[in-house]
Amino acid sequence: MRSLAGQVFLLQLLVVALLVAAALVALVVQARRDSMADAEHRTLATAQTFAHAPGIVEALKSPDPTAVLQPDAEAARKAAGVDAIIVYTLDGVTLTHSDPSQIGKHVIGPYGQAADGRAFTSTFHGSLGLSVVSAVPVRAPDGSVVAVVAVPVTVEKVQHSMNQQLPYLFGGAAGALVIAAGGAALVSRRLRRQTHGLGPAEMTRMYEHHDAVLHAVREGVLILDCDGRLLLANDEARRLLDLPADAEQRDVGGLGLDADIAALLVSDRTVTDEVYLAGDRLLAINKRPTAPHGPAGYVVTLRDTTELRALSGRAEGARERLRLLYDAGIRIGTTLDVTHTAEELAEVAVPRFADIATVELLDPVLRGEESSDETAQLRRVAFAGLDRSHLLYPLGELIPFGDSHPVAAAMATNRTLLVKDLRTLKDWQAQDPERTRQLIDHGIHSLLVVPLRARGVVLGMAMFWRSSASPPFDDEDVSFAEELGTRAAVCIDNARRYTREHAMAVTLQHSLLPQGLPEQSALEVAYRYLPAQAGVGGDWFDVIPLSGTRVALVVGDVVGHGLHAAATMGRLRTAVHNFSGLDMPPEELLGRLDELVAQIDADEGHEQVITGATCQYAVYDPTSGHLVIATAGHPGPALVHPDGTVDFPPVPVSTPLGLGAGLPFEYTDLALPEGSRLVLYTDGLVLDADRDLDAGLAALRAALTGPDRTPEATCAAVMDAMLPARPKDDIALLVARIRRLDPDRIAEWHVPCDAAAVSSVRSACTDRLAQWGLEEISFTAELVLSELITNAIRYGGDPITVRLIHDRTLIYEVCDGSSTSPRLRRANVTDEGGRGLFLVAQLTERWGTRYTPTGKVIWAEQSLRGGASETEDLGGTLLDQWDDTAQ
């Protein structure tokens with residue numbers, strides 16, 4: 001009912017109902033009026049007919065007028081269809097009546113007018129009730145009134161007659177209403193179909209929107225009928241075709257259009273984006289039939305491709321720049337190398353943005369530093385485009401940009417500089433006339449200089465050049481170049497910071513790793529160390545000389561990369577050096593190291609937790625040819641026998657350092673044949689993305705198997721065979737050839753726990769030193785050995801053993817069964833003893849104590865250089881020391 005069709009239907013139905021009701025009322029009123037008039041006419045006619053009937057006067061004069069007139073009156077009443085024919089005398093006596101009881105009675109009624117000779121009709125309440133009565137005088141032949149004839153018809157009878165007609169009236173009215181409603185419904189249905197069930201407000205809004213859209217769109221719209229008559233044209237179509245104001249409802253041929261366009265409009269062809277010339281405009285025309293969506297005809301759209309082509313050109317340029325920026329985001333910064341990142345910037349810009357691109361960076365940036373010096377020089381690090389041999393400065397050269405150069409101006413203002421025509425820069429041409437002339441002659445005409453800024457700091461400059469084949473740079477190119485430069489600068493700055501941090505980490509790591517191999521006779525050692533490409537890590541190794549010609553070999557690995565791993569590695573290496581100086585057994589040293597790593601984890605909290613620091617510690621004794629080794633979560637060593645075969649000696653497996661397992665570390669004692677090679681390594685050598693541990697160990701076995709090679713050659717062969725293309729982890733490799741100390745250079749005596757035995761040992765020592773050609777130090781040796789043996793006899797216990805080892809130094813070792821350790825102190829002036837160890841410390845290079853399963857060993861090393869001169873100065877040295885004490 002809210003639709004226009006529904007509202008029209010209701011309106012039509014209401015109007016028809018009102019019309020039918022009015023007609024019905026009019027008909028009822030008219031029928032009532034007609035019935036009363038008929039009753040009046042009928043009664044009057046009946047009364048006149050009876051009053052003028054022949055013989056009525058004679059009947060009135062007869063002796064019994066009632067007997068004569070009553071039958072005739074009844075007959076006439078029935079024939080006329082009235083209620084009664086009453087004859088009254090002039091004095092009001094009833095002569096005839098339809099009700100016999102009324103005959104002879106006097107009546108009072110409006111009969112005086114009839115008695116006066118005038119007929120009348122009126123409504124009167126009589127004996128029959130409310131009636132329509134007509135009274136007519138009866139005249140004698142002489143014209144006198146002798147009686148009155150009254151004919152009544154009751155109103156009830158009149159209404160009954162009318163009521164018989166009402167059903168027909170109401171039936172006709174109802175039929176008319178039904179027919180009218182059906183017609184209104186048909187009209188409404190058709191109207192609903194034509195209006196699509198829309199309401200008046202919706203149709204008004206739709207028309208307003210249609211009119212607004214039709215005339216607001218930037219596309220011409222024409223609607224034509226099948227005869228080529230223009231039905232509708234919007235404002236854009238009028239503008240594009242220059243149509244007259246009265247163009248609508250006119251034939252297309254009379255609108256003055258171009259012949260081709262007019263022929264297309266009147267044809268029945270359907271076209272899509274056909275281009276036609278209309279004046280100075282290129283119009284893309286589309287034509288489609290309106291059927292079946294509307295009446296037969298065509299709708300034509302017109303689009304000005306002249307403006308669209310310009311817009312599409314700008315849009316395509318914008319899309320190309322966006323694509324280039326997207327490609328730059330993918331291609332620039334793929335590595336953390338400053339120079340390579342600059343090269344990627346130049347390669348991205350050429351040829352899609354510029355014909356030539358160069359990148360110049362400040363010298364400190366290439367070293368990973370951040371320069372705030374405005375006088376720092378720029379070095380060309382990247383080039384892309386034309387032949388660079390003679391037109392531009394070569395790569396790697398420091399370029400002296402003068403004050404008049406565009407780069408200097410851009411550096412001074414810290415803003416992008418646009419030069420649309422290089423020929424206008426006379427100062428720039430004067431700086432290097434020959435080179436600038438060659439550039440201009442080559443067709444290079446436009447330049448953009450873009451500062452590369454990151455975090456507010458200028459890192460360098462990017463220069464973009466265009467030659468004659470390309471248009472000059474414009475303002476849109478400036479904004480794009482700045483965006484490109486900003487993205488590249490961020491990547492360059494990231495690479496610079498990585499370079500700085502990597503250099504710092506490498507410097508730290510190299511400072512923490514051994515700078516060379518110490519002098520020792522037990523092993524011939526070679527090594528290789530290769531940091532991972534991802535950054536420095538925590539792999540390390542060490543060769544530590546110990547007392548008694550023994551040597552400790554160490555390899556370790558701290559999981560992770562970067563400064564933290566390198567620093568932790570340095571702490572562990574320092575700790576191993578300190579613990580080694582205490583001559584700890586390998587298993588005890590790893591236990592102390594495990595406690596240290598756990599303490600490091602506790603001190604640093606949960607942010608930097610060392611999980612899986614590993615270490616392998618081995619001590620080789622060349623006097624016995626035995627190797628004592630313990631491992632904390634580290635791969636076991638490889639042993640290359642003199643015949644070239646390789647095996648992996650079983651080593652007890654213990655947990656990595658710092659896990660807090662609380663379990664003791666185990667060790668193994670290996671007897672190594674002389675000439676064999678011991679190979680220690682970190683897991684980066686045998687593990688990578690392409691192989692697991694078993695495959696890595698098999699490859700290591702294959703690389704080590706073969707004829708005898710020096711440790712240096714062994715390292716080279718292993719690295720050539722095992723080195724991955726891109727190492728993911730650090731690699732440390734340590735190869736040691738086993739040597740045995742000549743038994744003739746070792747002298748050993750068992751000493752009874754008696755002070756008298758000291759002299760015999762001194763004599764034996766002197767003889768052995770003479771055999772070794774060390775007579776010049778025999779006095780010092782006797783003194784040192786006497787003090788050590790006396791100390792063992794006095795404070796130690798059985799068994800006491802003395803050993804001399806002739807190596808790079810002369811080594812004294814006195815072993816006893818006590819675990820008490822002597823302590824060096826300065827004796828007071830009044831003390832009788834306490835100066836023995838002091839003498840030993842003064843006469844030897846170093847001394848110390850190491851523990852054995854059965855007791856301890858006090859050892860000292862005396863240099864073999866200087867000999868006699870040292871002996872001559874011995875007395876003065878001792879006296880000076882006592883003098884100092886006395887003071």
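What span should the 18 residues of helix α23 have at 1.5 Å a residue, and how far apart are its end C-alpha atoms? In this predicted model, helix α23 covers residues 778-795. The buried residues of α23 include Ser 778, Thr 780, Ala 781, Val 784 and Leu 785. Further along the helix, Leu 788, Ile 789, Asn 791, Ala 792 and Ile 793 are also among the buried residues.

Leu 378 belongs to strand β12, which comprises residues 378-384. Leu 378 has a relative accessible area of 4%, and because this value is under 20% the residue counts as buried. Beyond its neighbours up to four places away in sequence, Leu 378 touches Glu 360, Leu 361, Leu 362, Glu 397, Leu 398, Ile 399, Phe 401, Val 407, Gly 460 and Met 461. One of these residues, Leu 398, is 20 residues from Leu 378 along the chain, and the C-alpha atoms of the two are separated by 5.8 Å.

Glu 813 is located in strand β29, residues 809-816. Its relative accessible area is 5%, so Glu 813 is buried as well. The side chain of Glu 813 forms a polar contact of 2.7 Å with the side chain of Arg 803, and another of 3.0 Å with the side chain of Arg 850.

Terms used
Residues are numbered from 1 along each chain as its sequence is written. This is a predicted model: local features need pLDDT of at least 70, side-chain atom pairs count only at pLDDT 80 or more; totals for chains, interfaces and linings use all residues. Side-chain values use heavy atoms; hydrogens and water are left out. Helices (H or I, at least four residues) and strands (E, at least two) are DSSP runs, numbered from the N terminus. Buried means under 20% relative accessible area, exposed over 50%, partly exposed in between (1.4 Å probe, protein chains only). Contact means heavy atoms within 4.5 Å. A polar contact is a pair of N or O atoms within 3.5 Å; within protein, one must be able to donate a hydrogen and the other to accept it, and residues adjacent in sequence count only if both atoms are side-chain atoms. The expected span of a helix is 1.5 Å times one less than its number of residues.
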